[in-house]
Amino acid sequence: MVEINFVGLGLGVALTLLAVSLHYARGTGWAPTGDISQEVLERRARTVPETDFPEPMNRSIGGGGVAAGAVAGGEEGAELEEGGDDAEPSPADIPEDEIEYFDVEFVKQGETIELANNRTVLEQGEDNGWDLPYACREGQCVSCAGQITSGGNSEDYVVHDNQQMLDDTELDEGYTLTCVAYPRADFTIETGEAP
Ligand code: FES
């Protein structure tokens with residue numbers, strides 16, 4: 001005959017009820033918040049400064065070009081397009097059938113050569129086998145400087161594509177940064193001459 005231990009049974013039931021109630025009572029009160037990623041992206045987009053670059057991806061956030069485009073959208077997108085219209089075309093983009101050539105005398109090298117107007121004075125001098133000075137090749141130092149001695153402002157003879165080092169007086173004295181200088185007339189130059 002089976003003997004029922006009512007004390008043990010009661011204890012078991014009580015423990016079970018306690019476990020169930022603890023299960024439902026647990027928790028810190030934390031509740032998940034909504035998706036904040038869009039808000040964070042918009043806040044970050046507002047803190048990214050505008051740059052001079054017209055490319056639509058210049059506000060890219062964490063490399064996510066698509067997300068940045070979506071955030072930029074609307075008026076900001078229009079601003080970027082306007083920037084693109086204002087950008088000066090580079091002489092490097094002159095099409096083949098519009099290229100012009102000019103006679104340039106390199107005094108120290110003792111030669112006059114024909115230079116195209118879609119490539120820099122530095123590049124074309126190097127093509128001729130000359131070891132001309134340079135460092136950044138981006139118009140941001142004066143390592144490649146030379147002096148055009150044909151008289152007057154150097155920009156009468158070359159187009160500087162984004163030079164950032166020479167002031168108006170130095171340009172008037174004929175100085176040029178050969179790494180960003182594209183010929184626009186015949187001239188004579190002394191390479192390795194900085195202001
Ligand atoms: S190499 Fe730096 S400005 Fe030309």
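Two residues are in contact here if their C-beta atoms, placed from the backbone, lie within 7 Å. With that in hand, residues 24 or more positions apart account for 59% of the contacts in the chain with a separation of 6 or more.

## What you're looking at

This is a predicted model, where local features need pLDDT of at least 70, side-chain atom pairs count only at pLDDT 80 or more, and totals for chains, interfaces and linings use all residues. Numbering starts from 1 along each chain as its sequence is written.

The chain has five helices and seven strands, taken as DSSP runs (H or I, at least four residues, for helices; E, at least two, for strands) and numbered from the N terminus. Their order is α-α-α-β-β-α-β-β-α-β-β-β.

Mean pLDDT, the predictor's confidence in each residue from 0 to 100, is 78 for the chain, and 57% of residues reach 70 or more. Over residues 53-84, though, the pLDDT is below 50, and that stretch has 27 contacts in the model beyond near neighbours in sequence.

Of the 195 residues, 21% count as buried (20 or more other C-beta atoms within 10 Å of a residue's own; 12 or fewer is exposed, in between is partly exposed).
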